[in-house]
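Here is a short tour of one protein model. Keep the sequence and the 3D view open while you read.

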Amino acid sequence: PPEEVEDASEPTKRDRSHLENTLKLNEDKPADDFSGVLQRLRKIYHASIKPLEQSYRYNELRQHEITDGEITSKPMVLFLGPWSVGKSSMINYLLGLDNTPYQLYTGAEPTTSEFTVIMHGPKLKTIEGIVMAADSARSFSPLEKFGQNFLEKLIGIEVPHKLLERVTFVDTPGIIENRKQQERGYPFNDVCQWFIDRADLIFVVFDPTKLDVGLELEMLFRQLKGRESQIRIILNKADSLATQELMRVYGALFWSLAPLINVTEPPRVYVSSFWPHEYQPDTHKDLFLKEEISLLEDLNQVIENRMENKIAFIRQHAIRVRIHALLVDRYLQTYKDKMTFFSDGELVFRDIVEDPDKFFIFKSILAKTNVSKFDLPNREAYKDFFGINPITSFKLLSQQCSYMGGCFLEKIEKAITRELPDLLGSIGLGKKPNVLSCDITGCGETPKNRYRKP
């Protein structure tokens, strides 16, 4: 399109070619076809993981059911951070939505009060949260459980953009430090947790001119525990400060986040200004541009590795389901051992739930193979869990076997140790040439013998 004549009052725009090159927006190569792998992944999930999940009501513990929509969904990038740090501006910039009818609102006041999902669609349109949650083919149907108040704060925007064919963005309401959770009218932290659990990349955005790490932000970092490898911290609007000032802020940010992120590897911090305008004069333009390109490379990496991430996500889920099943089984076994003809079942069980350590419930699970203490849910969660699900409504693991189907526990263990890792390996085979057909991965019922002469 011909360049528009710039209005003198308009700040000049930066060149976008690095965006297009790094994110490969100009390439017309067909997207990798992973349908065979996805088919196989769905199969493993339904055959080997879901039965145990349902039998021990795992979703009541973590409120996490995996729908088919979620297995096939695109990678998701989540934008978190205090209000007015430039989250929406950054999305507008990445998608080139500035000055178009579809741009997300931005401004100095807290503007985004909704969770906004920006996804691909043939033409620009807005979708109400209620409609999104009702559509089971989308991966957002589980959000219904957060209630009507929340669904009114959920909005979808479909945009015909090349990048969105491969990734979905989620913009979240800014964290407002001096507000109480109740004022939002829905469980903000639980909703954030739902998105965090599913995000492939989490951008936590800060404004260097106001770095107050308050309670709501601390709470958020507590929720990000275990997801450190997905977190990228962005010190946005970096050209609004002089270099020396910027260095101080960078140090202060690390200082205030250090106690919240206890990992050996500090998260990657990107320092730049993510918006279309030229950088301020006399600031480190080269540095900011390099930082922006490495952030884009990071994003591209997530898109390229989406299948591996998906398999790893399902495997992580399977590990948690297995541990949950082992724990419930152990609670049940302990209960059966303690019960006598004369004892009051409720009292006996209350004793076990109140002090599981007295009966070595968690210790005995840790002693089992392949259970990491980081994957153990907390004891309190089980008080609530058994409050809703009486212990007598469960069967022991040893009884969850059928002549034809085998044992639930063995099946999930086989999925964790063999089937999912094999599926991961099969992607590696197909990665180089742009084919991922069943001939290579053997995703049909019987894997082909690759070494037999035809």
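Both Trp 194 and Phe 195 are buried, a word that here means under 20% relative accessible area, with exposed meaning over 50% and partly exposed in between (1.4 Å probe, protein chains only). The model is predicted: local features need pLDDT of at least 70, side-chain atom pairs count only at pLDDT 80 or more, and totals for chains, interfaces and linings use all residues. Residues are numbered from 1 along each chain as its sequence is written, and side-chain values use heavy atoms, leaving out hydrogens and water.

**Aromatic pairs**

A search of the whole structure turns up 21 aromatic pairs. To pair, rings of Phe, Tyr and Trp (its six-membered ring) need centres within 6.5 Å; planes under 30 degrees apart are stacked, over 60 edge-to-face, and the rest tilted. Trp 194 and Phe 195 make an edge-to-face pair, 5.0 Å centre to centre with 85 degrees between the planes. The rings of Tyr 331 and Tyr 382 are stacked, because their centres are 5.8 Å apart and their planes stand at 25 degrees. Tyr 331 sits in helix α12 (residues 306-338) and Tyr 382 in helix α15 (residues 379-388), so this pair ties together parts 51 residues apart in sequence. Helices (H or I, at least four residues) and strands (E, at least two) are DSSP runs, numbered from the N terminus. Tyr 331 is buried, at a relative accessible area of 0%. Tyr 382 is buried too, at 0%.

**Helix α8**

How many of the 11 residues of helix α8 (residues 188-198) are buried? The count is 9, so the helix is largely enclosed by the rest of the structure. Among the buried residues of α8 are Phe 188, Val 191, Trp 194 and Arg 198. Cys 192 is another; its relative accessible area is 2%.

**Nonpolar cores**

A nonpolar core is a set of buried Ala, Val, Leu, Ile, Met, Phe, Trp, Tyr and Cys residues joined through side-chain atoms within 4.5 Å. The largest one has 50 residues, and Tyr 331, Tyr 382 and Phe 386 touch the most other members. Helices that each supply at least two residues of this core include α2 (35-55), α13 (345-354) and α16 (408-431). Which helix gives the most to this core? It is α12, with 14 residues.

Contact means heavy atoms within 4.5 Å. Not counting residues up to four places away in sequence, Phe 386 touches Val 328, Tyr 331, Phe 349, Val 353, Ile 391 and Phe 394.

**Asp 68**

Asp 68 lies in helix α4 (residues 68-72). Asp 68 is partly exposed, with a relative accessible area of 30%. Its C-alpha atom is separated by 7.7 Å from that of Ser 139, a residue 71 places apart along the chain. Asp 68 touches Arg 42 and His 46, leaving aside residues up to four places away in sequence.

**The disulfide**

The structure holds 1 disulfide, defined as a pair of cysteine sulfur atoms within 2.5 Å. Cys 401 and Cys 407 form it, with S to S at 1.9 Å. The link is right-handed, with 110 degrees about the S-S bond. Cys 401 is partly exposed at 35% relative accessible area, whereas Cys 407 counts as buried at 19%.

**Salt bridges**

Side chains of opposite charge can pair when their charged atoms come close. A salt bridge puts a side-chain nitrogen of Lys or Arg within 4 Å of a carboxyl oxygen of Asp or Glu. The structure holds 11 salt bridges. The table gives three of them.

| Glu 245 | Arg 248 | 3.8 Å |

Glu 291 lies in helix α11 (residues 285-304) and Arg 268 in strand β8 (residues 268-271), so their pair ties together parts 23 residues apart in sequence. Glu 291 counts as buried at 12% relative accessibility, and Arg 268 as partly exposed at 35%. Glu 245 and Arg 248 are 3 residues apart in helix α10 (residues 243-257), so about one helical turn separates them. Glu 354, Glu 380 and Lys 383 are linked in a network of salt bridges.
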